[in-house]
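Student: Could you take me through one part of this protein closely? I would like to look at the nonpolar core and the aromatic rings around it.

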Amino acid sequence: MMLLSICLLGVGSLATGVWAAPTKFERRDTPAGVPDYVLKYAVYSPVVYLYSGEQYLPSDINAQLTNTIPESNFQAISNAPNPLDLNNLNSLGADVYLTSKNDITTNPAWLKGVKPDSQGKTNNAVSSAIIVNDKGNGNVDAFYMYFYAYNWGGEVLGLPDLNFGICLFPSLAPFPSSQLPLITHAGNHVGDWEHNMIRFSNGVPTYVWYSQHANGQAFAYSATEKDASGLRPISYSANGSHANYAIRGTHDHTIPNFNLPGGVLEDHTDRGSLWDPTLSSYYYSFNAGDSSFSPYDQSGATPVNWLKFTGRWGDEQYPTSDKRQFEIFGQAKYVSGPTGPADKQLNRTNVCPDNGQKCILRSILVPRSAGDEEEGLVER
């Protein structure tokens with residue numbers, strides 16, 4: 001019993017978050033060529049603070065194709081376009097996985113992305129897509145899609161060494177000591193799409209959605225932290241997982257809709273490098289009637305067909321026969337890459353996607369103490 005208490009104390013100490021000092025910055029204008037209609041919504045576009053120790057930064061969308069091979073059932077697609085690019089990616093089917101040419105356990109440089117410059121721009125890397133869905137009658141949803149070449153799943157239980165975790169889960173003891181380090185990181189995958197969505201009513205921003213793992217959180221626009229302009233919500237990107245949070249610190253995401261300040265599965269956010277996705281982004285309108293996309297840039301320079309790709313933006317989950325893989329309690333060290341922006345419910349009814357979870361429109365920022373009552377409306 002004493003040993004268990006010591007273990008739990010250790011987990012609690014590891015959950016303590018460190019807040020970095022705020023960094024002042026100015027809002028930057030959207031790149032030229034985007035019409036005034038879209039610029040109206042870009043004024044309110046989120047800015048992103050990456051984690052100060054982030055190793056996997058925003059990435060060029062097209063570079064993902066350069067560094068991968070399309071595969072199905074772990075076999076290369078024989079008739080895939082060559083070279084594969086954003087204009088022909090849609091020719092591949094839903095069963096296709098964009099599989100790394102390199103063994104990802106060697107941590108190839110292309111997985112690490114591009115660090116934003118002092119203005120927040122990812123130079124020579126288009127790392128975002130802004131998609132506007134005008135639903136009519138003054139109702140508009142603007143999606144801000146963020147791309148990373150790799151998702152690091154983080155540490156299980158916040159433990160850098162799972163030998164410490166044996167005191168919490170004695171069933172781990174039978175595993176060979178050489179395999180225990182494999183269990184400390186779960187949910188890694190090639191390719192990572194995250195997003196914010198802002199809902200507008202007659203040109204006024206009302207709510208902001210922050211994607212987080214299989215779910216996320218929605219807040220009243222008025223409640224969100226803003227940049228120096230007082231207009232652009234701040235999104236804090238979690239270390240490795242890139243889940244988006246409205247506040248910095250430590251976030252436990254073990255239980256959906258309970259974002260507590262510490263626990264078993266933690267994300268960590270702070271004010272590291274500033275990223276302004278609008279400075280290196282493609283801009284599109286979305287027509288919900290036929291699920292089509294149209295670039296606002298009429299010059300033909302903006303690729304659009306890649307948005308119709310329904311396959312995965314990374315490797316297929318490795319089987320347990322693969323020496324890189326390890327599974328325990330149903331959790332795998334490496335999982336399949338994600339689907340793309342078109343699969344993010346761009347014509348959703350509620351602010352939150354329809355995923356079986358309650359959609360809470362929060363009027364204050366969380367997390368708070370576990371005993372506090374939830375404040376906010378519930379969308380039906």
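Tutor: The protein chain has four helices and 21 strands, where helices (H or I, at least four residues) and strands (E, at least two) are DSSP runs numbered from the N terminus. This is a predicted model, in which local features need pLDDT of at least 70, side-chain atom pairs count only at pLDDT 80 or more, and totals for chains, interfaces and linings use all residues. Residues are numbered from 1 along each chain as its sequence is written, and side-chain values use heavy atoms, with hydrogens and water left out.

Let's start with burial. Of the 380 residues in the protein chain, 51% are buried, meaning under 20% relative accessible area, with exposed over 50% and partly exposed in between (1.4 Å probe, protein chains only).

Now to the core itself. A nonpolar core is a set of buried Ala, Val, Leu, Ile, Met, Phe, Trp, Tyr and Cys residues joined through side-chain atoms within 4.5 Å. The largest one holds 32 residues, and Ile61, Leu89, Ile131, Tyr284, Trp306 and Trp313 touch the most other members. Among the elements that give two or more residues to this core are strand 5 (128-136), strand 6 (139-151) and strand 7 (189-201). A second, separate core has 24 residues, including Leu50, Val132, Ala142 and Tyr221. In general, nonpolar side chains tend to be buried together in soluble globular proteins.

Beyond its neighbours within four places in sequence, Ile131 is in contact (heavy atoms within 4.5 Å) with residues including Phe143, Met145, Tyr284, Phe286 and Leu346.

Next, follow the rings. The whole structure contains 18 aromatic pairs; rings of Phe, Tyr and Trp (its six-membered ring) pair if their centres lie within 6.5 Å, and planes under 30 degrees apart count as stacked, over 60 as edge-to-face and the rest as tilted. Phe147 and Trp193 make a tilted pair, because their ring centres are 4.8 Å apart and their planes lie at 45°. Since Phe147 lies in strand 6 and Trp193 in strand 7, the pair ties together parts that are 46 residues apart in sequence. Phe147 counts as buried at 0% relative accessibility, and Trp193 counts as buried at 5%. Both belong to one aromatic cluster, together with Tyr282, Tyr284, Trp306, Phe309 and Trp313.
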